[in-house]
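Please look over the sequence and the structure shown here before reading on. The report that follows takes up charged pairs and then the strands.

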Amino acid sequence: FQPLYDIKKGRIVTCEALLRWPHRTRGLISPGEFIPIAEDVGLITTIGEQIIEHALNECASWPESVSVAVNLSPVQFTRGDIVTTIETALAKAGVAPSRLEVEITESALLNEIGAAIRILDRLNALGVKIALDDFGTGYSSLSYLQSLPLNKVKIDRGFLRNIEGDERSRTLMAGVARLSAELGLRVTVEGVETAEQLEALSANPNVDEIQGYLFCRPLPARDLRELLGGPKRLEVKAA
């Protein structure tokens with residue numbers, strides 16, 4: 001799990017569930033290697049169900065002010081019933097729907113945009129929060145801000161490139177954040193790794209949350225529970 005920090009309140013507000021494969025000889029294998037295979041052979045639906053259930057069970061042990069974010073694979077929109085899966089997992093864990101945030105990428109929307117919107121509408125009706133992940137890396141992201149039932153936009157780390165000293169980079173970040181905020185969306189910036197990036201983002205009134213190694217690397221569930229059990233105020237330390 002990797003925390004997301006509210007830079008205005010200075011505390012953890014959400015923790016994103018990250019999937020890793022602890023291989024006996026190769027160590028931790030990134031999802032970029034094995035998720036495409038799981039999708040091709042039809043295992044991603046089962047894996048996805050386990051991730052959602054585990055993430056919500058962990059969330060049940062956290063302070064109620066902290067939510068959990070789970071990434072949805074594009075295949076989960078076309079195979080199985082993701083809405084029923086989430087509804088059942090919420091009930092079993094005893095977690096309020098508003099404490100679950102599902103993250104989707106543009107690739108989850110390209111093939112069946114109509115079907116995807118219908119699924120997201122049903123999740124939104126349950127009270128589940130919806131975030132558009134890696135915003136700015138595709139070709140049609142701006143149209144999605146208007147057409148999808150979103151609560152949050154996660155701006156891709158690519159927008160941070162040279163933001164410390166380049167006026168054009170700061171202007172681009174400011175424009176994207178302002179547009180999202182004016183549409184009523186919370187704004188998260190991913191990949192924050194330096195104090196200079198933090199300083200530039202803190203000066204932007206439309207940035208709500210930050211995620212990155214400057215604050216916290218991904219943590220095992222037990223370590224995260226210890227972190228959440230301690231002071232929640234933001235303490236910035238260089239990675």
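With which residue does glutamate 103 form a salt bridge?

## Basis of the model

This is a predicted model, in which local features need pLDDT of at least 70 and side-chain atom pairs count only at pLDDT 80 or more, while totals for chains, interfaces and linings use all residues. Residues are numbered from 1 along each chain as its sequence is written, and side-chain values use heavy atoms, with hydrogens and water left out.

## Salt bridges

The partner of glutamate 103 is lysine 154, with the closest N and O atoms 2.9 Å apart; a salt bridge here is a side-chain nitrogen of Lys or Arg within 4 Å of a carboxyl oxygen of Asp or Glu. Glutamate 103 lies in strand E6 (residues 100–104) and lysine 154 in strand E8 (residues 152–155), 51 residues apart, and both residues are buried (buried means under 20% relative accessible area, exposed over 50%, partly exposed in between, with a 1.4 Å probe and protein chains only).

The structure holds twelve salt bridges, including one between aspartate 208 and lysine 8 at 3.3 Å, N to O. Aspartate 208 counts as buried because its relative accessibility is 14%, whereas lysine 8, at 51%, counts as exposed. Asp6, Glu101, Lys152, Arg186 and Glu209 are linked in a network of salt bridges.

## The barrel

Eight strands form a closed barrel in the order E1-E2-E5-E6-E7-E8-E9-E10, with mixed pairing; strands (E, at least two residues) are DSSP runs numbered from the N terminus, and two of them pair if DSSP finds at least two bridges between them. Strands E2 (residues 11–16) and E5 (residues 67–71) run parallel and are joined by three bridges, and threonine 14 has serine 67 in E5 as its bridge partner.

How values were computed:
Helix = DSSP H or I, 4+ residues; strand = E, 2+ residues; numbered from the N terminus.
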